[in-house]
Amino acid sequence: MEIQNYTLLQQQEIPEYHATGYVFRHEATGAQIVYLHAPEDDNKVFSISFCTPPQNDKGIPHILEHCVLNGSRKFPLKEPFVELLKGSLNTFLNAITFPDKTMFPVASRNEQDFMNLMDVYLDAVLHPNLLQDPFILKQEGWHYELENEDGEIQYKGVVYNEMKGSYSSGETILSRTAEKALFPDSIYGYSSGGDPDAIPDLSYEEFKQFHQTYYHPANSYIFFYGNGDIARHLQFLDEAYLQEFTSKAGRRVQIQPQKALPAPVRAESTYALAEGEGAGSERDKTFLSYQVVINTPLDAVGYYGFDMLAQILGGSESSPLKTALLKAGIGKDVYATVDLSALQPVFSVVARSANPEQANDFKRIVQETLVRVTKDGIDPKLLEATLSSTEFALREASYGMPKGLVLNMVCLDSWLYDRDPLQLLSYENAIRTIRGSQRFFESLIQNYLLDQPHSALVVLKPEAGLNQRHDQKIREKLAAYKASLTPEEVTALV
């Protein structure tokens, strides 16, 4: 297939999704485009994603995700996103911030609506009003708010308020504590969503610089899915947007891995008990987690294998980790997960409603159970149930959102790290390989979980009155700031 101003790098049939995958490179900018052409699916998907590695906890990737959708060069409305929600025929319209990337996907069954959505989103990310209007950052990120001259100053902002709510959750604090422990020298040790305590340190200049550094076609990952006209869509992409840019003005960002920790670490933190729960009500409210970093890139077999391994070990009432921990009285809810959407995936086991003095027993039982499973093997009934349910779910492809959007995320799980963007889509061969392998999951456990020192035991304890003490510190900080202002500055702030 030849399309002017593009070079076809790869073409591959993907029978699982009745699609043909094409990988193009835009010649002038170096932008990469994946087009999954699926003639039988009219629910077309477009997205443009950027590698957006956070360098601190100020939440710039998340705030930018909000801000770019507040008007652009061709669409100078205050909130084009809201107008699209009212009048578009879209089947999906949103934006998503991940720990290392930001994604702007749209979907529609109507071709003209699809073209309109693509136009609005491309203009939003490449030519946003935020570069000229500081008010957008204040609205979406953070600002000082003072209703009258005698009142107290407060922090306000859409993302600030959202993350303040998120950081009131024990699960969020657990995740952040683990990330800091496992990735002390990596971007994954920072919060891409933003820590409410750090967000007010973000300046407008730093904010703009982040956009200018990362929101360039050279650092983009452009994706199409569906029965659309490939030549028409790529021609529009080139003529309306990409031809304005050159590869010299931008670069593809490469995420550097965290050097493997030489020995396991232990990390402890606290989260706030709900208001009304005072001292003495902390019993049975500790989170315990054991997390292991997978430092080897995973092919499709490892990718689907680890997803199934998490289900086998902690996804059902008969799972060995869940059974062993609950039998030992550690936690009232136990589950295992694996995060495969990162350069270095993380496998984790979590016990909720536990107690801090159980931490060492928790880790011991997890490790002893993993050793026992590798020695005795996995229950054949549990193994077959997991394989069958995974196969059914993949073939059914009932995601509650457009299929193309999910396939986009799967592509990015390898594409963002300079690996073949299509390699993870071929699940049939992967599952066939897993079924035909002897002791496949036992080998995964031994090689990646037991023989891997890059791990952390995380203990998250409840603390009564934590929110109230923290809020008091913020009030004192803001009172000191107000005291530093002149009467004229106070009036101007009002």
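Is Phe306 buried or exposed? Phe306 is buried, because its relative accessible area is 0%. Buried means under 20% relative accessible area and exposed over 50%, with partly exposed in between (1.4 Å probe, protein chains only).

This is a predicted model: local features need pLDDT of at least 70, side-chain atom pairs count only at pLDDT 80 or more, and totals for chains, interfaces and linings use all residues. Residues are numbered from 1 along each chain as its sequence is written, and side-chain values use heavy atoms, with hydrogens and water left out.

## Aromatic pairs

Phe306 has a ring partner, Tyr448. Rings of Phe, Tyr and Trp (its six-membered ring) pair if their centres lie within 6.5 Å; planes under 30 degrees apart count as stacked, over 60 as edge-to-face and the rest as tilted. By this rule the model holds 22 aromatic pairs. Two of them are set out here.

| Pair | Centre distance | Plane angle | Class |
|---|---|---|---|
| Trp142 and Tyr155 | 6.0 Å | 80° | edge-to-face |
| Phe306 and Tyr448 | 5.4 Å | 80° | edge-to-face |

Helices (H or I, at least four residues) and strands (E, at least two) are DSSP runs, numbered from the N terminus. Trp142 sits in the loop between helix 4 and strand 8 (143–145), and Tyr155 in strand 9, so this pair ties together parts 13 residues apart in sequence. Both Trp142 and Tyr155 are buried. Phe306 belongs to helix 9 (residues 300–314) and Tyr448 to helix 15 (residues 440–450), so their pair ties together parts 142 residues apart in sequence. One aromatic cluster is formed by Trp142, Tyr144, Tyr155, Tyr160 and Tyr481.

Helix 1 spans residues 60–67 and is mostly covered, with eight of its eight residues buried. They are Ile60, Pro61, His62, Ile63, Leu64, Glu65, His66 and Cys67. What do the buried residues of helix 1 pack against? Their partners are strand 6 (96–97), strand 7 (101–108), helix 4 (134–140), helix 5 (158–166) and helix 7 (204–214). Contact here means heavy atoms within 4.5 Å.

Lys58 lies in the loop between strand 4 (44–51) and helix 1. Lys58 counts as buried because its relative accessibility is 17%. The side chains of Lys58 and Glu206 are joined by a polar contact of 2.8 Å. A polar contact is a pair of N or O atoms within 3.5 Å; within protein, one must be able to donate a hydrogen and the other to accept it, and residues adjacent in sequence count only if both atoms are side-chain atoms. Leaving out residues up to four places away in sequence, Lys58 touches Ile63, Gly194, Ala198, Ile199, Asp201, Leu202 and Glu206.

## Two pockets

A pocket is an open set of points on a 1 Å grid over the protein atoms alone, where a 1.4 Å probe fits, with protein on both sides within 12 Å along at least five of seven lines; lining residues have an atom within 4 Å of a point. The largest pocket holds about 850 Å³ of space. Of its 32 lining residues, Tyr167, Asp197, Asn467, His470 and Asp471 are the closest to the centre. Strand 9 (154–156), helix 5, helix 6 (170–182), strand 11 (265–272) and helix 16 (466–483) each give two or more residues to this lining. Helix 16 gives the most, with nine residues. By class, the lining has eleven nonpolar, ten polar and eleven charged residues.

The second largest pocket holds about 720 Å³. Of its 33 lining residues, Pro99, Ser175, Arg176, Glu179 and Asp339 are the closest to the centre. Helix 1, helix 5, helix 6, strand 13 (333–339) and strand 14 (346–354) each give two or more residues to the lining. Helix 6 gives the most, with eight residues.

Thr374 is placed in helix 11 (residues 359–376). Thr374 counts as buried because its relative accessibility is 9%. A polar atom of the Thr374 side chain lies 2.7 Å from the backbone oxygen of Val371. Not counting residues up to four places away in sequence, Thr374 touches Arg439, Glu442, Ile445, Gln446 and Leu450.

Ala492 lies in helix 17 (residues 487–493). Ala492 is exposed, because its relative accessible area is 64%. Ala492 and Leu146 are 346 residues apart in sequence, and their C-alpha atoms are 9.7 Å apart in space.

Notes
Grid points are joined across faces, edges and corners, and a volume is the space filled by probe spheres set on the points. Ala, Val, Leu, Ile, Met, Phe, Trp, Tyr, Cys and Pro count as nonpolar, Asp, Glu, Lys and Arg as charged, and the others, Gly among them, as polar.
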